[in-house]
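I'm opening my notebook on a new structure today. I'll jot down what I look up, one topic at a time.

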Amino acid sequence: MAVPDHPRSYEPPGEGDDVRRLLHSERSGAVRTYELRRRGETVTTARGRPERRFAARTTTTLSPPAAAAFLERQVAALQARGARLLADEAEFPSAERRFTALPGIEPEVASEVARNLRAHRRKFAMLGKLQWAAGDDWDLLLWSLVRAGRVQPLRDVELWMLLGDAALEADAITVMDLLTRLVDLPGLYRARGYDEYAEAMPGGDAAAESLLWSAYLDQRGHVDARANELPPPMQLGLWLIRARAGEHVPAAAAEPIAAWLRARPRPFTPLEALAGDVFVKLDVPELLQRIDGAAR
């Protein structure tokens with residue numbers, strides 16, 4: 001049975017691992033990377049992109065012979081779709097490119113999608129149009145339109161929430177460009193008729209939290225350099241992001257963050273955090289221990 005693992009976990013290669021690496025060029029023009037690793041009875045598939053630092057993982061556990069056969073079937077299926085198997089020990093290519101236009105999407109199609117995103121009033125209608133044009137790479141297409149200035153998520157809360165759903169493709173520069181211009185997020189909700197606005201971190205909703213966390217993982221130096229440009233409540237929220245990333249939190253920031261967390265215990269969803277080089281899930285008491293310990 002396939003069990004979804006943590007989205008950005010990574011485990012270094014071990015002795016006896018059977019590893020296959022493949023590259024696949026998507027119809028959008030983006031390149032997707034696949035690493036399939038068998039260790040005994042477990043097969044782990046990591047899917048990512050050269051320009052993205054983290055991969056999505058799925059772990060499948062079978063008997064050792066079945067796991068070996070499963071690995072071969074998965075590799076064959078990817079090759080049948082056009083993926084190219086790399087030589088043993090070959091490294092994936094690296095890329096810093098952030099798309100402002102996807103090479104495999106016709107300009108006329110991108111323009112039609114941008115018009116529809118500006119015209120639609122509901123998130124699922126927007127998502128449907130993005131998927132019609134780019135399939136699984138809808139999130140890349142959305143970010144390319146934002147980077148090109150063709151859609152304005154700070155004017156439409158539904159588009160803003162959709163951008164939060166695409167946070168795994170976020171980059172620090174674009175996110176900080178957005179967050180530093182975020183003047184009245186509750187007002188953005190009210191403008192669309194939402195009665196309630198829920199903070200997921202000081203100064204931000206769930207989308208802002210996801211975007212700032214992804215941006216900090218992407219390029220924390222850029223985020224830190226522009227921290228003072230953020231709205232004051234979100235500057236405190238950034239300390240929560242830093243705590244989750246294992247950074248030292250001074251007492252002046254730790255105390256208000258701890259008070260904020262205790263007032264909103266969030267038992268329904270642990271927060272993603274870094275423990276050394278490994279991604280983990282922390283509930284609020286564990287995160288409070290980390291913050292209190294860093295402040296001492």
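Predicted model: local features only at pLDDT ≥ 70, side-chain atom pairs only at ≥ 80, totals over all residues.

**Arg118**

I start with Arg118, which is in contact with Arg150 and Val151 once I leave aside its neighbours within four places in sequence; contact here means heavy atoms within 4.5 Å. Arg118 has its place in helix α2, residues 107-119. Helices (H or I, at least four residues) and strands (E, at least two) are DSSP runs, numbered from the N terminus. I looked up accessibility too: Arg118 is partly exposed, at a relative accessible area of 47%. On this scale buried is under 20% relative accessible area, exposed is over 50%, and partly exposed is in between, using a 1.4 Å probe and protein chains only. I also checked Arg118 against Arg81: they are 37 residues apart along the chain, and their C-alpha atoms are separated by 34 Å.

**What I'm working with**

Residues are numbered from 1 along each chain as its sequence is written, and side-chain values use heavy atoms, with hydrogens and water left out.

**The whole protein**

I find eleven helices and eight strands in the protein. Its C-alpha atoms fill a box of roughly 55 × 55 × 30 Å along the principal axes. How does the radius of gyration sit with that of a compact globule? For 296 residues such a globule would have a value near 19 Å, and the protein has 21 Å, which agrees. The radius is taken over C-alpha atoms, and the globule rule is 2.2 Å times the number of residues to the power 0.38. Buried residues make up 48% of the 296 residues. Of the contacts with a separation of 6 or more, 64% come from residues 24 or more positions apart.

**Tyrosine rings**

I looked for aromatic pairs and got two. Rings of Phe, Tyr and Trp (its six-membered ring) pair if their centres lie within 6.5 Å; planes under 30 degrees apart count as stacked, over 60 as edge-to-face and the rest as tilted. Why is the pair of Tyr189 and Tyr194 edge-to-face? Their ring planes are at 70°, with the centres 5.6 Å apart, so the pair gets that label. Tyr189 and Tyr197 are also edge-to-face, because their planes are at 65°, and their centres are 5.4 Å apart. Tyr189, Tyr194 and Tyr197 form one aromatic cluster. Buried or exposed? Tyr189 is buried at 9% relative accessible area, Tyr194 is partly exposed at 30%, and Tyr197 is partly exposed at 25%.

**Charges over rings**

Next I looked for charges over rings, where NZ of Lys or CZ of Arg is within 6 Å of the ring centre and within 35 degrees of the ring normal. Lys129 lies over the face of Trp132, 4.0 Å from the ring centre. Arg244 lies over the face of Trp213, at 4.4 Å from the ring centre.

**Helix α8**

Helix α8, residues 206-225, has 20 residues, but its end C-alpha atoms are only 23 Å apart. That is short of the 28 Å a straight helix would reach at 1.5 Å a residue; the expected span is 1.5 Å times one less than the number of residues. Where does α8 bend? I find a bend of about 120° at Gln219, taken as the angle between axes fitted to the seven residues ending there and the seven starting there.

**Either side of α8**

Gly203 lies in the loop between α7 (185-191) and α8. I note that Gly203 is buried, with 18% relative accessible area. Leaving aside neighbours within four places in sequence, Gly203 is in contact with Tyr197, Pro233 and Met234.

Glu229 lies in the loop between α8 and α9 (232-244). Glu229 is partly exposed, at 43%.

**Last entry: Ala125**

I found Ala125 in helix α3, residues 123-134, partly exposed at 32%. Ala125 and Leu159 are 34 residues apart along the chain, and their C-alpha atoms are separated by 10 Å.
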